[in-house]
Amino acid sequence: MKRLITICMVLIATTITSMAQTTYYTKVSTDKQLNKKAAKWIKSGEWRNGFDKASPDKSVNIVEMYEQYQKNPKQWEAMFQWLATTDLFAIPKGKHPIPGTDLVASVEDSKNEPLAKRKSESHYHHIDFQYVVKGKERFAILDHMSSKPNCEYRPDVIHYDYDIAKTRFIDSRTDRFFLFFPCDWHIAKVATEDEDQTIRVIVVKLDYVE
């Protein structure tokens, strides 16, 4: 846990020094070859394992996705295969084991709420995969520089106070999925301007491998 916090803080400091940024939202790779390799890999679709319903949202850290997939292919391959072969509209809500792994897919029929009612969070040891298959969900991405923990870490979540003016908001699409890595501090299920706030979202927590 302490190591991950240290890594995030070092990355923040490095990013600010090298790029003179006043905001920081995710882990930044300065390795140009790695960035190109990750982008090519994403575009190739090698990771899909039959899942063609959606692609990573533009907010997804594709370098993190690429590296984590290489470190833990069994979980990622099984998750995408499950997503590809499961009727995500017909499956009952609740928790469903993903065969061949200890992963569990949470099928949630839920409603968005006003931002003030939603908690910010990040996870040190897990990656949040979120795919909204029905309705529209708004996600908030927190700026690290203006945010700070407001509670003690308790496995595996911590919450933050944040500056709403420096927060990024992204609405889901049914052809996009989201991934939140340990350095992606976020808020889920934020209300949109739509009249209907009902959603169905698939949530899987993958292991984060250091």
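**Figure 1. Salt bridge between Arg118 and Glu113.** In this predicted model, the side chains of Arg118 and Glu113 meet in a salt bridge with an N to O distance of 3.0 Å. Arg118 is partly exposed, at a relative accessible area of 24%. Glu113 is likewise classed as partly exposed, at 29% relative accessibility. Side chains of opposite charge can pair when their charged atoms come close. The pair shown belongs to a set of ten salt bridges found by a search of the whole structure.

**Figure 2. Salt bridge between Lys136 and Asp194.** The side chains of Lys136 and Asp194 form a salt bridge at 3.5 Å, N to O. Lys136 is placed in the loop between E5 and strand E6 (138-141), and Asp194 in the loop between strand E11 (186-190) and E12, so the contact ties together parts that are 58 residues apart in sequence. Lys136 has a relative accessible area of 29% and is therefore partly exposed. For Asp194 the relative accessible area is 34%, which also counts as partly exposed.

Figure 3. The side chains of Arg138 and Asp171 meet in a salt bridge, with 2.6 Å from N to O. This pair links distant parts of the chain, with Arg138 in strand E6 and Asp171 in strand E9 (residues 168-171), 33 residues apart. Arg138 is buried, at 13% relative accessibility, whereas Asp171 is partly exposed, with a relative accessible area of 26%. Together with Glu193, Arg138 and Asp171 are linked in a network of salt bridges.

**Figure 4. Surroundings of Ser122.** Ser122 is located in the loop between strand E4 (120-121) and E5. With a relative accessible area of 0%, Ser122 is buried. Its side chain makes a polar contact of 2.5 Å with the side chain of Tyr160. When neighbours within four places in sequence are left aside, the residues in contact with Ser122 are Asp156, Val157, Ile158, Tyr160, Pro182, Asp184, Trp185 and His186.

Figure 5. E2 pairs with strand E3 (residues 104-111) in the antiparallel sense over four bridges. Within this pairing, Val104 in E3 is the bridge partner of Pro97.

**Figure 6. Strand E12 between its neighbours E3 and E5.** E12 and E3 pair in the antiparallel sense over seven bridges, and Ser110 stands opposite Ile199 in E12. The pairing of E12 with E5 is antiparallel as well, over eight bridges; here Arg200 in E12 is the bridge partner of Lys134. E12 is mostly covered, as seven of its ten residues are buried. In a regular strand the side chains alternate between the two faces of the sheet.

Figure 7. A search of the whole structure finds 17 aromatic pairs. One of them joins Phe80 and Phe129 in an edge-to-face arrangement, with 6.3 Å centre to centre and 90° between the planes. The pair links distant parts of the chain: Phe80 belongs to helix H4 and Phe129 to strand E5, 49 residues apart. Phe80 is buried, at a relative accessible area of 0%. Phe129 is also buried, with a relative accessible area of 0%. Both rings belong to one aromatic cluster formed by Trp41, Trp47, Phe51, Tyr66, Tyr69, Trp76, Phe80, Phe129, Tyr131 and Phe177.

How values were computed:
Residues numbered from 1 in each chain as written. Predicted model: local features only at pLDDT ≥ 70, side-chain atom pairs only at ≥ 80, totals over all residues. Heavy atoms only, no water. Pairing = 2+ DSSP bridges. Helix = DSSP H or I, 4+ residues; strand = E, 2+ residues; numbered from the N terminus. Buried < 20%, exposed > 50% of the residue type's maximum accessible area, 1.4 Å probe, protein only. Polar contact = N/O pair within 3.5 Å; in protein donor to acceptor, adjacent residues only side chain to side chain. Contact = heavy atoms within 4.5 Å. Salt bridge = Lys/Arg side-chain N within 4 Å of Asp/Glu carboxyl O. Phe/Tyr/Trp six-rings, centres within 6.5 Å; stacked < 30°, edge-to-face > 60°.
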